[in-house]
Amino acid sequence: LFRPVLFNIGKHLVSLFFKTGIFKSSTTPLEFEAKMPQNYLMKLSDPQAALLLRQFVRLNEICQHSQKVTNIYYEALKDHVGIRVLKVEPNFTFSLIRYPIVAEKRQDLITLFEEHGIELGEWFTAPLSSPAINHDLFGYMFGTCPNAEEISKKICNLPVHVRVDKTDKGKILSLCRTVGVVN
C-alpha cells in the first residue's frame, strides 16, 4: 500500500485499517507509559517471521541498494542550501533503513512529497521518539538536550528501500531541491 503508485489510495486504506483494528500500532499503550508489554521479547508473529525470513534471504541485495541510494542522496544534497544531510564517507559499510535529512521547513517538504505520492518518514519527532509519550517517565527533562530537541523538529527521512528505482531517486532529489528551505 505504500508503493508510490498506490500511495494516495494506500494512505486512506491504511488509515481505515488502523481505525477498524485490522492494523495495529507498532507501539503499544504500555510502551507509551515506559513499561514493557508482556511477551515483548518472546517471539515474532507468524507474518512478522515470514517477512523477516524473506528479507533475510535478500539481505545483501537490500544492504547494497540502501548503500547505493544513500550515497546518491548524499552526493546530490550535501551542498544544498537549507538541507543538512548525514555525511557519508567513501566506502562506508553501514546500511540505513531511511536516509535522514534536516530541513528548516520540514512540514513544507513533507507536504510537497505527499502531493507527489512519496512518503517521508518522520521518526523521532521529539528527543525520545514522539511528543506523545510522557518524557518524565523516562527521566528526560526538556532543556537538557537542546540540540536533540531542535533537530527533532526538523528531521525527516528519505526512502532507501529496494523499490526506490532510478526514476524515484530523480523525483525525490528534484523535490528536495525545489522546496524553499533555508538554514
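This is a predicted model: local features need pLDDT of at least 70, side-chain atom pairs count only at pLDDT 80 or more; totals for chains, interfaces and linings use all residues.
Trainee: What makes the length of helix H4 agree with its number of residues?

Mentor: H4 runs over residues 59-77, which is 19 residues. At 1.5 Å a residue these should span 27 Å, and the end C-alpha atoms are 27 Å apart, so the two values agree.

Trainee: Which residues of H4 are buried?

Mentor: They are His65, Ser66, Val69, Thr70, Tyr73, Tyr74 and Leu77. These residues cover an arc of only 165 degrees around the axis, and therefore lie on the same side of H4.

Trainee: Why do residues three or four places apart point the same way in an α-helix?

Mentor: Because an α-helix has 3.6 residues a turn.

Trainee: What does the face turned away from the buried side of H4 carry?

Mentor: That face carries the exposed residues Asn60, Gln64 and Lys68. The buried residues of H4 pack against strands E1 (83-85), E2 (98-103) and E3 (155-159), and against helix H7 (166-178).

Trainee: Why does Tyr99 count as buried?

Mentor: The cut-off for buried is under 20% relative accessible area. Tyr99, which is found in strand E2, has 0% relative accessibility, so Tyr99 counts as buried.

Trainee: Which residues does Tyr99 touch, leaving out those up to four places away in sequence?

Mentor: Among them are Thr70, Tyr73 and Tyr74, along with Val85, Cys156 and Leu158. Tyr99 and Tyr73 are 26 residues apart in sequence, with 7.9 Å between their C-alpha atoms.

Trainee: How do you know that the side chain of Tyr99 makes a polar contact with Leu86?

Mentor: A polar atom of that side chain lies 2.8 Å from the backbone oxygen of Leu86. The cut-off is within 3.5 Å, so the pair counts as a polar contact.

Terms used: Residues are numbered from 1 along each chain as its sequence is written. Side-chain values use heavy atoms; hydrogens and water are left out. Helices (H or I, at least four residues) and strands (E, at least two) are DSSP runs, numbered from the N terminus. The expected span of a helix is 1.5 Å times one less than its number of residues. Buried means under 20% relative accessible area, exposed over 50%, partly exposed in between (1.4 Å probe, protein chains only). The arc is that of the directions from the helix axis to the C-beta atoms. Contact means heavy atoms within 4.5 Å. A polar contact is a pair of N or O atoms within 3.5 Å; within protein, one must be able to donate a hydrogen and the other to accept it, and residues adjacent in sequence count only if both atoms are side-chain atoms.
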